[in-house]
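Here is a short report on the structure shown below.

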Amino acid sequence: MKRNLPAAELARDSRFSRVDFMERARDPRPMPSEGRGDRAALTPDRTNAPERARGLMHGIFTGEIQALEGAGRTCWDFPLGTGSDEAPFELKLDMARQCWDEARHCEISVKLGDWMGTEIGEFAESPFLYEAACNPDPVLRLTGVNRALEGLAIDVFNTMREFGRLSGDPVLTFCEDWMLADEVTHVKMGSDWLRRLTADDPDRRARALEFQRVVDKLFSLGGVRGEDEDSPIKLARRFRELAGFADEEIDEIAELSHQAREELRARRAAVG
Amino acid sequence: MSTVLPETFTMVLYDHDEIANAVDEVLGAIGFPPDEDVRVEVDEATPLARTKLVSVEPVVMTVDGGALEDPRRPRQLSTTFVSVVVGRLALQALDRRDADFGNPPADEDLPVARRVAWDVYAIGRLARLGYPGQRQRRLYNFRNRHGFTDAADAAFDHLWTADHLTWDEICAISDGALAARPDAD
């Protein structure tokens, strides 16, 4: 079986339509981070809130598929060991457990899609999560995927759970609560393995944290995720603490999101 | 006969004639007077999905480009969405013209719950004409506005399957569902 499978070779049936970053970049309309999407908080009183929730949950669904594929790949792509191109058995065991969770999340997401009136493949799939899981260093994979992107998933699940609570949707609230609990575990795996595998290698730790910063900023979506009152996706500080983030690390993510938002405002002001 | 603007799209990969054909087809299907012009103004610069019935006589509607966009293929047209969006607005224009229907407030003054209820009534009629109504999607939107209750589901079914409702009846159905919400006063 091939090691380090590229995103283009992921198996999808005809229901799915993939859109990569470059295709989105070629879109001449303002990007989501530049005001294309609705940047208001996701609350039930917004006219388009249920539609936004459907699109967001389909994005989560495809993210769950890719998380399953990424964790599975990490079990396979590396020989056993503690080198920068190796993975300890216990790390693979954690990834196998994560596969189990992600497979369950896929099933939950399919049923949630049925509930919300969303068909599988109704929205385009962006393969960015899996692409972050293609890093040749397992520690960078775990910081990019488990700490950055699954950390973002914590923020999204928490936001969606609150949306479900406010709109009185018992199914959405219940599903988000259960998946959120698993995500905290996945992020904590990333935090734990980052510290264990780089305890005696500060350069590798620095590279991993830099990779995480790049992914965090890239997917802060122009500050859509943040701590402002009107942030569509709220930074879930408490759950991140439970997932092994130090206060200063959470502050840094909030600052990255704030920076992204200010950069967006500056770009929009420059455009006029 | 429809007038679709702009004539040429530069930011999205939409074809003017394809939209115009879909508009004419759905107008014919719902029984819109064939000698009347319907004007559809598409704002291609925005991927949002807002729609508005600007005028009833003559019928003029404004549509964000995103409302006609295939969610699986960014910047590509969905003729299905053209049919459903234009069909819904055209049916509501006909409702507004019908003296027996009643006198609903202007679109911008409609409470969200009542607007959603009216949309269900319109799209249910389109679905019976063979257009994809995405019933569960509409039900989810309706539940978000009227509560996740059996009463809300029954109200949805009433609206979805009805062919001749008045504005007062739509309001009564919507209000009845809202009154059954667990958090209703």
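Helices are DSSP runs of H or I with at least four residues, and they are numbered from the N terminus. The model is predicted.

**A tryptophan in chain A**

By that numbering, W115(A) sits in helix α3 of chain A, which covers residues 89–116. Is W115(A) buried, exposed or partly exposed? A buried residue needs 20 or more other C-beta atoms within 10 Å of its own, and an exposed one has 12 or fewer. W115(A) has 18 other C-beta atoms within 10 Å, so it counts as partly exposed. P170(A) is 55 residues away from W115(A) along the chain. The C-alpha atoms of the two are separated by 11 Å.

**Chain B as a whole**

Chain B holds six helices and four strands. Read from the N terminus, its elements follow the order β-α-β-β-β-α-α-α-α-α. Its overall values are tabulated here.

| Property of chain B | Value |
|---|---|
| Radius of gyration | 17 Å |
| Span of the C-alpha trace along the principal axes | about 50 × 35 × 30 Å |
| Buried share of the 185 residues | 39% |
| Share of contacts with a separation of 6 or more that join residues 24 or more positions apart | 58% |

Why does the radius of gyration agree with a compact globule? A compact globule of 185 residues would have a radius of gyration near 16 Å, and chain B has 17 Å, so the two agree.

**Helices α5 and α6 of chain B**

Two packed helices are described by the angle between their axes and the distance between the axes. In chain B, helix α5 (residues 150–161) packs against helix α6 (residues 167–179). The angle is about 165 degrees, and the axes are 8 Å apart. Angles over 145 degrees count as roughly antiparallel, so α5(B) is roughly antiparallel to α6(B). Their crossing is left-handed.

Which residues meet? From α5(B) come A151(B), A152(B), A155(B), H158(B) and L159(B). From α6(B) come I170(B), I173(B), S174(B), G176(B) and A177(B). By class, the contact has seven nonpolar residues, three polar ones and no charged ones.

**Where chain A touches chain B**

How many residues does each chain bring to the contact? Chain A gives 24 residues and chain B gives 23 residues. On the side of chain A, α1 (21–25) and α2 (49–77) each supply at least two residues. The residues on that side divide into nine nonpolar, seven polar and eight charged.

Conventions
Residues numbered from 1 in each chain as written. Chains lettered and ligands numbered in written order. Predicted model: local features only at pLDDT ≥ 70, side-chain atom pairs only at ≥ 80, totals over all residues. Rg over C-alpha atoms; globule rule 2.2 N^0.38 Å. Contact = placed C-beta atoms within 7 Å. Axes fitted to C-alpha atoms, helices over the stretch in contact; angles between N-to-C directions. Parallel < 35°, antiparallel > 145°, perpendicular 65-115°, else oblique. Left-handed = near helix turned anticlockwise from the far one by under 90°. Nonpolar A, V, L, I, M, F, W, Y, C, P; charged D, E, K, R; others polar.
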